[in-house]
Amino acid sequence: MAFTLPELPYAKDALMPYMSAETFEYHHGKHHLAYVNKANELAAGKKYESMSLEAATIAAKKDGEQKLFNQIGQIYNHNLFWVSMAPNGGGAKMPGNLEKKIREDIGGYDALRAALLDKGTTQFGSGWAWLVLDNASGKLEVVSTGNAETPLTDNKTPLLTCDVWEHAYYIDYRNARPKFLEAWIDHLANWEHAAELLNKGPIKVAA
Ligand code: MN3
């Protein structure tokens, strides 16, 4: 079994009222688990089984293994999503290194918040909103990706991500994606974790 479902770093009801235990039961316990099971099925006997998750994501993309990439990319994206949230997260208070870098590269917290809201809201259909470090320029950027796509395959280091597939918010917010995004940024975003990833610098993935 190459790919595994990680434990949540908090109890399923720890993010209430902004994300319910029921959402976690479906999103982590069924959707994410299904990606893991399908990835293991598709990767069986192939080189991807013995790679790190990051390397397998990049390799599947590069090899044009789209079916496999969809599953592995979703595992990578969800793994980051769970740790991109924390009880009592969100808001403008964040570690100094991240706050300073956001001020320099994006123009400050208000601009970051507006950009995440915009990217998450305007991503048509399923996808993700991200705060990333561009490995080439060394600057922070806010981007969106569709379906299972991840900035990891575009020479960027993901620091924080918000899932904007309907399954991420339909139980708690119904069709109101902007309300979900606002609550996510104001009350859930795990800036501490993003700051730790920023401290580590550009992600290095062995080919
Ligand atoms: Mn999801």
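Is Asn155 buried, partly exposed or exposed? Asn155 counts as partly exposed, at 45% relative accessibility. Here buried means under 20% relative accessible area, exposed means over 50%, and partly exposed lies in between, with a 1.4 Å probe and protein chains only.

Some ground rules before I go on. This is a predicted model, where local features need pLDDT of at least 70 and side-chain atom pairs count only at pLDDT 80 or more, while totals for chains, interfaces and linings use all residues. Residues are numbered from 1 along each chain as its sequence is written, and side-chain values use heavy atoms, with hydrogens and water left out.

Back to Asn155. It sits in the loop between β2 and β3. Helices (H or I, at least four residues) and strands (E, at least two) are DSSP runs, numbered from the N terminus. Asn155 has a positive phi of about 60°, although it is not a glycine. Asn88 also has a positive phi of about 60° and is not a glycine. Its place is the loop between α3 and α4. Asn88 is exposed, with a relative accessible area of 79%.

Next, the metal. Which residues are the protein donors of the manganese ion? They are His27 (NE2), His78 (NE2), Asp163 (OD) and His167 (NE2), lying 1.9 to 2.1 Å from the ion. Donors are N, O and S atoms within 2.8 Å of the metal (3.2 Å for Na, K and Ca); water is not among the atoms, so sites may look incomplete. The spacing of the donor residues in sequence is H-x50-H-x84-D-x3-H. His27 in helix α1 (residues 21–43) and His167 in helix α6 link distant parts of the chain, 140 residues apart. His27 is buried, at 0% relative accessible area. His167 is buried too, at 17%.

Stay in helix α1 for His28. His28 is buried, with a relative accessible area of 11%. Its side chain reaches the backbone oxygen of Pro6 at 2.7 Å. That is a polar contact: a pair of N or O atoms within 3.5 Å, where within protein one must be able to donate a hydrogen and the other to accept it, and residues adjacent in sequence count only if both atoms are side-chain atoms. Setting aside residues up to four places away in sequence, His28 touches Leu5, Pro6, Glu7, Leu8, Thr23, Leu33 and Trp82. Contact means heavy atoms within 4.5 Å.

Now the sheet. In what order do the three strands lie? The order is β2-β1-β3, in an open sheet with antiparallel pairing. The edge strands are β2 (140–146) and β3, each pairing on one side only. Two strands pair if DSSP finds at least two bridges between them. Seven bridges join β1 (residues 127–134) to β3. Ala129 bridges to Cys162, and Val132 bridges to Pro158. Is β3 mostly covered or uncovered? It is mostly covered, with eight of its eight residues buried. Helix α3 lies across β1 and β3, at about 75° to β3. Axes are lines fitted to C-alpha atoms, for helices over the stretch in contact, and angles run from 0 to 180 degrees between N-to-C directions.

On to the core. Nonpolar side chains tend to be buried together in soluble globular proteins. A nonpolar core is a set of buried Ala, Val, Leu, Ile, Met, Phe, Trp, Tyr and Cys residues joined through side-chain atoms within 4.5 Å. The largest one has 62 residues, of which Phe3, Met19, Met85, Leu98, Trp184 and Trp191 touch the most other members. Helix α3 gives the most to this core, with eight residues. Trp184 belongs to helix α7 (residues 177–188), where it is one of the buried residues. The buried residues of α7 pack against α3, α5 (109–122), β3 (156–163), α6 (166–173) and α8 (191–200).

Last stop: Ser84, in the loop between α3 (66–83) and α4 (96–105). Beyond four places in sequence, Ser84 touches Leu160, Thr161, Trp184, Leu188, Ala189 and Asn190. A polar atom of its side chain lies 2.8 Å from the backbone oxygen of Leu80. Ser84 and Ala194 are 110 residues apart in sequence, yet 7.3 Å apart in space, C-alpha to C-alpha.
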